Amino acid sequence: MTEIRYRRILFFQAIFLIVLALITFILFKENSKPIQFLIVWIAAIILNLIYVKRYALPTRSLLRKIRSSAIDEDLSWAEIEESIIRKDVAFNKQKEAFELENLKYKRLLDSLEDPVCILNKNLLIIYVNQAFGALFDFADQKLPFPLIEITRNLEFQEFLKSSIGQERTSRRSYFTFNQLQDPHKTFFDLKVFPVDNLSNYLCLLHDVTERKMADQMREDFVSNFSHEVRTPLTILNGQMQNLKEALLKEDNFESRFAQYFVKIDNNTRRLINLFNDLLRLSSVESKKDIIKESVNIEEMLTYLTQDLLTNYPNKKILFDILLDQKVFFVDYHLFEQVLLNLIDNSLKYIEHNGVITIRSHHEDGWDHLVIKDNGVGIPEDQINRIFERFFRVDSSRSSEIEGTGLGLSIVKHIIQKHDGRIKVQSKLLEGTSFTLSFPCN
Ligand code: ADP
């Protein structure tokens with residue numbers, strides 16, 4: 001092939017020389033001036049030099065290389081040509097297969113309803129599927145193009161920047177974009193993971209608007225319902241207290257009536273506690289932003305422990321508090337709710353006398369707080385269920401102790417809002433310890 005090309009080059013050069021000779025002959029016949037000859041010849045020489053440099057020399061050097069390797073392998077020109085043709089055919093076949101494979105992946109990604117794009121390290125988008133193009137309306141634009149031109153959403157850009165360079169998958173729930181083409185798609189779960197050697201990243205958006213709306217509706221329902229029920233219940237409870245007091249003043253108030261009243265009283269209080277906890281839980285769930293501040297937990301623990309102890313006049317409880325880390329960076333009211341629920345549980349589940357040990361320390365960028373009691377403990381097979389809503393360990397034991405089964409769900413949600421962690425260790429009849437860990441900023 002290359003030899004053919006080289007011969008062709010020599011052929012064109014011969015034609016060129018013939019044309020030049022013809023022009024010279026015509027000029028000579030018409031008695032042209034020597035300057036005209038000179039211009040034609042200089043132009044011819046320049047053109048020829050360009051031609052030789054661009055085509056003849058590279059082709060000749062290529063031919064020499066092929067020839068020298070062919071001499072090594074003792075191949076004739078015909079064999080070299082045949083082998084090049086074979087390789088050419090194989091290359092074209094490979095190219096076709098590659099293009100087909102490419103098309104397959106493209107069709108596959110286009111068939112996804114989820115928007116997908118591939119980004120390189122410089123935040124340039126190098127591939128988008130149809131859903132992504134439709135969502136951001138940029139089908140006409142040419143790839144690659146900068147992410148910044150698709151959306152000005154700073155949060156999105158920051159998240160992608162922080163994901164790039166990471167080997168693991170980064171996730172983020174409930175991402176929102178403003179001004180999208182389809183107003184019904186507002187919330188997305190976002191996943192970013194490396195596709196090859198940390199140089200390109202696949203960014204997958206999953207529309208979760210309906211789920212988010214359903215969650216929102218459920219939260220609103222629980223909150224509104226609890227609110228509505230709590231009001232008449234509180235009034236009912238108040239009126240009953242009045243009635244009880246009035247009847248007790250009367251000499252003929254029989255003790256069995258008093259018992260009925262105690263039962264009604266206990267149960268309305270239980271219901272009120274339940275709706276209060278439901279309201280607390282839904283308010284924590286719906287809270288978008290928490291307000292973190294430096295909170296002195298020593299002061300908080302002092303007044304909380306004193307207040308809570310008054311609810312258990314028949315128990316002898318000792319608080320053993322030693323704090324190496326006194327200031328936590330948390331939302332004041334939410335953190336107070338966490339301590340209240342955990343210490344109240346310890347007080348509730350210590351049967352008569354006991355010790356509640358509270359320790360805190362700072363380690364590796366985290367503030368840790370441990371609340372430990374020597375109460376009844378939790379059976380091993382039920383430990384991982386205690387954070388579930390309405391879950392109460394062992395119904396016979398729980399029915400004696402008042403509770404809603406929501407306290408630890410509230411605690412878990414509050415800790416999650418702080419990007420924190422909670423760990424529980426417990427042994428039946430020996431006690432329980434909760435370790436809370438908060439990242440310190
Ligand atoms: P409750 O209102 O029933 O206390 P929680 O959600 O606070 O609900 O706790 C769930 C269950 O976990 C409780 O019913 C109890 O059985 C168990 N539990 C929680 N804290 C302790 C503790 N300190 N000691 C023993 N059991 C506990």
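**View 1. Helices and a strand in the shell around the ligand.** In this predicted model, helix H9 (332-349), helix H11 (407-417) and strand E13 (431-439) each contribute at least two residues to the shell around the ligand, helices (H or I, at least four residues) and strands (E, at least two) being DSSP runs numbered from the N terminus. The largest contribution, four residues, comes from H9. Residues are numbered from 1 along each chain as its sequence is written. Local features need pLDDT of at least 70 and side-chain atom pairs pLDDT 80 or more, while totals for chains, interfaces and linings use all residues, and side-chain values rest on heavy atoms, without hydrogens and water.

**View 2. Residues surrounding the ligand.** The ligand is surrounded by 20 residues, of which Asn 345, Asp 373, Arg 392, Thr 404 and Leu 408 are the closest; a residue is counted when one of its heavy atoms lies within 4 Å of the molecule.

View 3. A ligand oxygen atom lies 2.9 Å from an N or O atom in the side chain of Asn 345, whereas polar backbone atoms are reached at Gly 405, 3.1 Å from a ligand oxygen atom, and at Val 393, where the distance is 3.3 Å. Taken alone the ligand exposes 530 Å², and the protein buries 99% of that, by the Shrake-Rupley method with a 1.4 Å probe.

Definitions and conventions: Polar contact = N/O pair within 3.5 Å; in protein donor to acceptor, adjacent residues only side chain to side chain.
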